[in-house]
Amino acid sequence: MSTSPAPDALLGPADIRELAAVLGVRPTKQRGQNFVIDANTVRRIVRTAEVRPDDVVVEVGPGLGSLTLALLETADRVTAVEIDDVLAGALPATIAARMPQRADRFALVHSDAMQVTELPGPAPTALVANLPYNVAVPVLLHMLETFPSIERTLVMVQSEVADRLAAGPGSKVYGVPSVKANWYAEVKRAGAIGRKVFWPAPNVDSGLVSLVRRAEPLRTTASRREVFAVVDAAFAQRRKTLRAALAGWAGSAARAEAALVAAGVSPQARGESLTVEEFARIAEAAPDREGPLPSPGSAESVEPRQRKDSE
């Protein structure tokens, strides 16, 4: 059993700025980089994520390592996925210097998270990340699809994105991210994060979102791809009734209406009022669908992974 990390193992504001200066790192808006500089905040994230001593955690966008170090204090293993060349090159040395007794429990994957299809070591059980604002939703959905072993997820995202992910049917901000996230998990807001804990301080607030994977997959004969196609069509023209919004998807408004009626959904309803289960029923009733597909979880129902699940 490893000894406990030293109290000062985590990175503070001065540490972050010094490390960035040594590396010549200037946070870029292009990659949505805002580094957490408050040790209490990263420890709070780890607590809220309910990281356990036996967890294998994957972190996306570790940056200079603030959250990575906090995760290593608790988790069994941490694998960080970093796209930035300089940051990826420096992170292992930071871990080795500040938490040497845990360095062998850390792995780095130098890659774009959207391109990652496998990770070293045991399968991840948790995803904990401060996600770059500009790619938060597609990265989150890609990771949930690619690594079904991830049971619990806690991500820090722009507050507006957090609201959208956690929204329920009938909410003004309920949309594509809400439905697609709910395909995989039970989703809820898990707290707010102020701007002062970041460097540079963003001009928007941040929020924590908790996603606990469904104990059993959604009961439907439709594939994820089929269901997501209905979701995309419904929200592409969200002010229209589903009869009109799904006309292109179904081939005509009349065929869309027939599918909706067969699914037990009012043709006059709008996408923002539907649950993910209702979207699945519509997908099952698609006009050109050739009979029922294999049941969820069977080998035949596994489909190619999609690079981009959300716009």
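User: How many salt bridges does the structure hold?
Analyst: This is a predicted model, in which local features need pLDDT of at least 70 and side-chain atom pairs count only at pLDDT 80 or more, while totals for chains, interfaces and linings use all residues. Residues are numbered from 1 along each chain as its sequence is written, and side-chain values use heavy atoms, with hydrogens and water left out. Taking a salt bridge as a side-chain nitrogen of Lys or Arg within 4 Å of a carboxyl oxygen of Asp or Glu, the number of salt bridges in the structure is 16.

User: Is Lys 180, which meets Asp 232 in a salt bridge, buried or exposed?
Analyst: The side chains of Lys 180 and Asp 232 come to 2.8 Å, N to O. This pair links distant parts of the chain, with Asp 232 in helix H8 (residues 224-236) and Lys 180 in helix H7 (residues 176-184), 52 residues apart; helices here are DSSP runs of H or I with at least four residues, strands are runs of E with at least two, and both are numbered from the N terminus. Buried means under 20% relative accessible area, exposed over 50% and partly exposed in between, with a 1.4 Å probe and protein chains only. Asp 232, at 35%, is therefore partly exposed, whereas Lys 180, at 2% relative accessibility, counts as buried.

User: How many residues apart in sequence are the parts that Glu 272 and Arg 238 tie together?
Analyst: Glu 272 and Arg 238 form a salt bridge whose closest N and O atoms are 3.5 Å apart. Glu 272 lies in the loop between helix H11 (253-262) and helix H12 (276-284), and Arg 238 in the loop between H8 and helix H9 (242-245), so the parts tied together are separated in sequence by 34 residues.

User: At what angle do the axes of helix H3 and helix H4 cross?
Analyst: Two packed helices are described by the angle between their axes and the distance between the axes. Axes are lines fitted to C-alpha atoms, for helices over the stretch in contact, and angles run from 0 to 180 degrees between N-to-C directions. The axes of H3 (residues 66-74) and H4 (residues 85-98) come within 11 Å, and they cross at roughly 50°.

User: How many of the residues of helix H5 are buried?
Analyst: Helix H5 spans residues 136-146, and its buried residues include His 142, Glu 145 and Thr 146 as well as Leu 140 and Met 143. H5 is largely enclosed by the rest of the structure, because the buried residues number eleven of the eleven.

User: What distance separates the C-alpha atoms of Leu 218 and Val 276?
Analyst: Leu 218 has its place in the loop between strand E9 (206-213) and H8, and at 7% relative accessibility Leu 218 counts as buried. Leu 218 and Val 276 are 58 residues apart along the chain, and their C-alpha atoms are separated by 8.7 Å.

User: What share of the contacts with a separation of 6 or more comes from residues 24 or more positions apart?
Analyst: The protein has twelve helices and nine strands, and of its 311 residues 50% count as buried. Among contacts with a separation of 6 or more, the share from residues 24 or more positions apart is 73%.

Conventions:
Contact = heavy atoms within 4.5 Å.
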